[in-house]
Amino acid sequence: MIQYENVTKIFGSGDKSVTAVDNVNFEVEKGELVTLLGPSGCGKTTLLRLTNRLLSLTQGKIIVDDQNIMDINRVKLRQSMGYAIQEVGLFPNKTIYGNIAIVPRLLKWDEDRIRDRVDELLTMLQLEPDTFRDRYPVELSGGQQQRIGVARCLAADPKILLMDEPFGAIDPINRVEIQDEFLRVQGKLKKTIIFVTHDLQEAIKMGDKIAIFQEGQLIQYDTPETILTNPKNEYIADFVGTDRGLKVLGLRKAKDVMVENPANLIQASTKASDALKFLQDKKLEHGTVVEKEKPIGYLTSANLEETEAPIKEIAEAYPKLITPYDNLKDVMSVMLMYDIRVLCVVDEDNNMAGTISLEDIQKSIMKIYSGTGEDKH
């Protein structure tokens with residue numbers, strides 16, 4: 001979809017020249033979200049601006065859909081790509097509708113089509129059209145403004161989005177929320193996205209792949225999981241940090257390691273004595289009590305000794321029911337906080353989907369580091 005071939009950008013000349021991008025080569029596949037990561041001045045924003053010809057190449061080629069960008073009209077190239085920046089850049093004198101409609105109007109869409117598209121995008125980003133359509137940017141919170149920036153970026157339904165630290169100015173709580181919202185939208189739209197960030201955690205969370213730069217050079221380009229488990233050199237290892245094992249846990253989901261048909265299920269109608277015998281015979285420390293496919297809680301042998309009470313009444317409620325899409329870092333945090341080694345995973349209807357244990361998580365990490373685990377995507 002997008003190919004960078006020996007891409008170089010030099011500012012100035014002679015002794016005063018600065019090489020901002022130095023002979024960069026990589027390819028972004030259709031539908032991928034690639035994050036460009038590195039310290040300030042490493043060339044990531046320059047590369048983004050070279051892609052839509054806001055800056056001119058010094059050497060090399062950028063190919064989009066098998067066409068050299070230098071052979072495409074500059075204005076048409078930019079109109080074919082969505083572009084979002086940290087400062088959002090909404091026009092304060094235009095309504096939300098007017099801001100989102102800018103590129104479609106330049107492309108001479110009819111007003112009915114524009115209105116439908118604006119309402120579609122606002123709904124997609126969980127902003128009620130009737131509430132927000134006629135407001136002005138000053139009437140919105142920072143997070144809401146950022147959503148409008150994303151909507152404007154998507155307005156003309158471009159195949160490619162270029163995003164330069166689009167969530168960098170948002171407070172941490174709203175930033176997580178809009179990241180999650182954007183990933184939900186991307187899961188449906190499958191746009192090809194180049195996403196600049198200086199935040200490692202954001203790069204790991206958002207990216208199908210990460211390109212890490214140093215002084216204009218591309219040092220490593222790979223999946224987040226590979227970069228965390230197999231950094232190319234000391235620079236990458238230092239950049240991702242000594243806690244990269246924990247960061248890997250943030251990539252993996254409960255569904256990746258949960259046991260779908262666990263051997264420790266006990267029906268709520270079971271007698272306490274039978275439940276105790278079940279745990280002892282199978283040498284289980286933990287039993288999950290279920291009723292009509294819904295988890296009631298959990299039991300240990302200690303709960304069942306010297307009692308004939310219905311196990312439904314003595315089962316201890318799980319501190320948290322895990323969804324298949326909860327990441328393993330959060331799952332393990334719950335386990336450690338509540339001193340429980342096994343948690344229950346439920347589907348969207350709160351029916352039993354499986355169980356996940358601390359041992360399951362440990363085995364998963366061992367597989368990743370031994371090279372037998374699967375990639376994030």
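The following exercises, with worked solutions, concern the architecture of a predicted protein model.

Residues are numbered from 1 along each chain as its sequence is written. Because the model is predicted, local features need pLDDT of at least 70 and side-chain atom pairs count only at pLDDT 80 or more, whereas totals for chains, interfaces and linings use all residues.

**Exercise 1. State how many helices and strands the protein has, and what percentage of its residues count as buried.**

Solution. Step one: helices (H or I, at least four residues) and strands (E, at least two) are DSSP runs, numbered from the N terminus. On this basis the protein contains 18 helices and 15 strands.
Step two: a residue is buried if its relative accessible area is under 20%, exposed if over 50%, and partly exposed in between (1.4 Å probe, protein chains only). Of the 377 residues, 48% count as buried.
Step three: the C-alpha trace spans about 85 × 55 × 35 Å along its principal axes.

**Exercise 2. Determine the strand order of the open sheet of 6 strands, and identify its edge strands.**

Solution. Step one: two strands pair if DSSP finds at least two bridges between them. The order is β6-β7-β8-β3-β9-β10, and the pairing is mixed.
Step two: β6 (81-85) and β10 (217-222) each pair on one side only, and they are the edge strands.
Step three: with direction ignored, neighbouring strands of this sheet are turned by 15 degrees against each other on average; the axes are lines fitted to C-alpha atoms.

**Exercise 3. Trace the pairing of β3 with β8 and β9, using Thr35 as a reference.**

Solution. Step one: β3 (residues 33-37) runs parallel to β9 (residues 209-214), joined to that strand by 4 bridges. Here Thr35 stands opposite Ile210.
Step two: β3 also pairs with β8 in the parallel sense, over 5 bridges. In β8, Phe195 is the bridge partner of Thr35.

How values were computed: Heavy atoms only, no water. Axes fitted to C-alpha atoms, helices over the stretch in contact; angles between N-to-C directions.
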